[in-house]
Amino acid sequence: MSLKVGAHVSIAGGVDNAVANQVEVGGNCGQIFTHSPQVWQDPNIDDGEAARFREGTERDLEGPWVIHTSYLVNLCTPKEGLREKSVDSMQKEVDAADKLGIPYVNVHLGAHTGAGVEGGLDNAASVIDDLDVPDGVTILIESDAGAGTKLGGEFEHLAGVIDRTDTDIDVCVDTAHAFAAGYDLSTPEAVDETIAEFDDVVGLEHLKYVHLNDSKHECGTNKDEHAHIGEGHIGEAGMERFLNHPDLTDVPLALETPTEDGKSFAWNIDRVRELRRD
Ligand SMILES: [Zn+2]
Ligand SMILES: [Zn+2]
């Protein structure tokens, strides 16, 4: 299978610029925000931009792209106002995905803030079922580092939302998040065990994207800080096994690695290509 790997790239100046930005770092798939993720804002994509994005993707990339939703979205919230804003924001993201020909919209489950795990999972499923998801677009719920009352740190949470929704949804595993949440990925054996556990609890057929990041913190710390590929606590041996695990070779990878120490997305994508044996 061919390696699908790219980075989270900017859409500054127009979403169609994401294609050139992806090519520049050596990616052939990847992730975008449709607007600043720190604020409530609507995607603002005109027809020309969307057409150029689709043409560029078709011409220069293998895809698939994934949209990462706003950090303010909280599917698990018991607060009515926040729930409504989350529904509204999610609807605009899945509509933007439809317009851009993007098959996936990635979202964090968010924090239950007192609703409890079961209540939070119920809330998340109910928000998703309130959406009108266009054909060809699938929501991916992202694994979380599991700090505080945030859900998605345990694979059971992801399975719990899949079980509760009437909507077909799938999963994006973020390797740094899963590791921080307590799933060891730092040795070949640990990677195999974690993948087997994911398959048991969620099912590998639901794994449609991976955020490939190393972790600046140790396994089980619930601390979410991404490191360069092979240079964090997951390390080279864990990354190498993850990249060559026979069940994962066709899953697209989006890097959300830092841009520091003079190491860019291009450096990290090169590292992935070195560690992968094809
Ligand atoms: Zn995320
Ligand atoms: Zn992520």
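Begin at Asn 222, which sits in the loop between strand S8 (214-215) and strand S9 (226-227); strands (E, at least two residues) and helices (H or I, at least four) are DSSP runs, numbered from the N terminus. Phi of Asn 222 is near 60 degrees, a positive value in a residue other than glycine. At 31% relative accessibility, Asn 222 is partly exposed; the classes are buried under 20% relative accessible area, exposed over 50% and partly exposed in between, with a 1.4 Å probe and protein chains only.

The model is predicted: local features need pLDDT of at least 70, side-chain atom pairs count only at pLDDT 80 or more, and totals for chains, interfaces and linings use all residues. Residues are numbered from 1 along each chain as its sequence is written, chains are lettered from A and ligands numbered from 1 in the order in which they are written, and side-chain values use heavy atoms, with hydrogens and water left out.

Select Asp 261 next, in the loop between strand S10 (253-255) and helix H9 (265-275). Asp 261 also is not a glycine, and has a positive phi of about 55 degrees. With a relative accessible area of 58%, Asp 261 is exposed.

Turn now to the zinc ion (ligand 1). His 68 (NE2), His 108 (NE2) and Glu 142 (OE) coordinate this ion at 2.1 to 2.2 Å; donors are N, O and S atoms within 2.8 Å of the metal (3.2 Å for Na, K and Ca), and water is not among the atoms, so sites may look incomplete. Along the chain, the donors of ligand 1 follow the spacing H-x39-H-x33-E. Display the zinc ion (ligand 2) as well: the two ions are 3.4 Å apart, and Glu 142 coordinates both. His 68 lies in strand S3 (residues 65-68) and His 108 in strand S4 (residues 104-108), so the pair ties together parts that are 40 residues apart in sequence. His 68 is buried, at 3% relative accessible area.

The peptide bond from Gly 63 to Pro 64 is cis, with omega near 0 degrees.

The aromatic rings come next. The structure holds five aromatic pairs; rings of Phe, Tyr and Trp (its six-membered ring) pair if their centres lie within 6.5 Å, and planes under 30 degrees apart count as stacked, over 60 as edge-to-face and the rest as tilted. Tyr 104 and Tyr 209 form an edge-to-face pair, 6.1 Å centre to centre with 85 degrees between the planes. Tyr 104 lies in S4 and Tyr 209 in strand S7 (residues 207-212), so this pair ties together parts that are 105 residues apart in sequence. Tyr 104 and Tyr 209 are buried. Phe 155 and Tyr 183 form a stacked pair, 3.8 Å centre to centre with 10 degrees between the planes. Phe 155 is in helix H5 (residues 155-164), and Tyr 183 is in the loop between helix H6 (175-180) and helix H7 (188-201). Both residues of the pair, Phe 155 and Tyr 183, are buried.

Finish at Thr 138, in strand S5 (residues 138-142). Thr 138 counts as buried, at 19% relative accessibility. Not counting residues up to four places away in sequence, Thr 138 touches Pro 103, Tyr 104, Val 105, Asp 168, Ile 169 and Asp 170, where contact means heavy atoms within 4.5 Å. The C-alpha atoms of Thr 138 and Asp 170, 32 residues apart along the chain, are separated by 7.0 Å.
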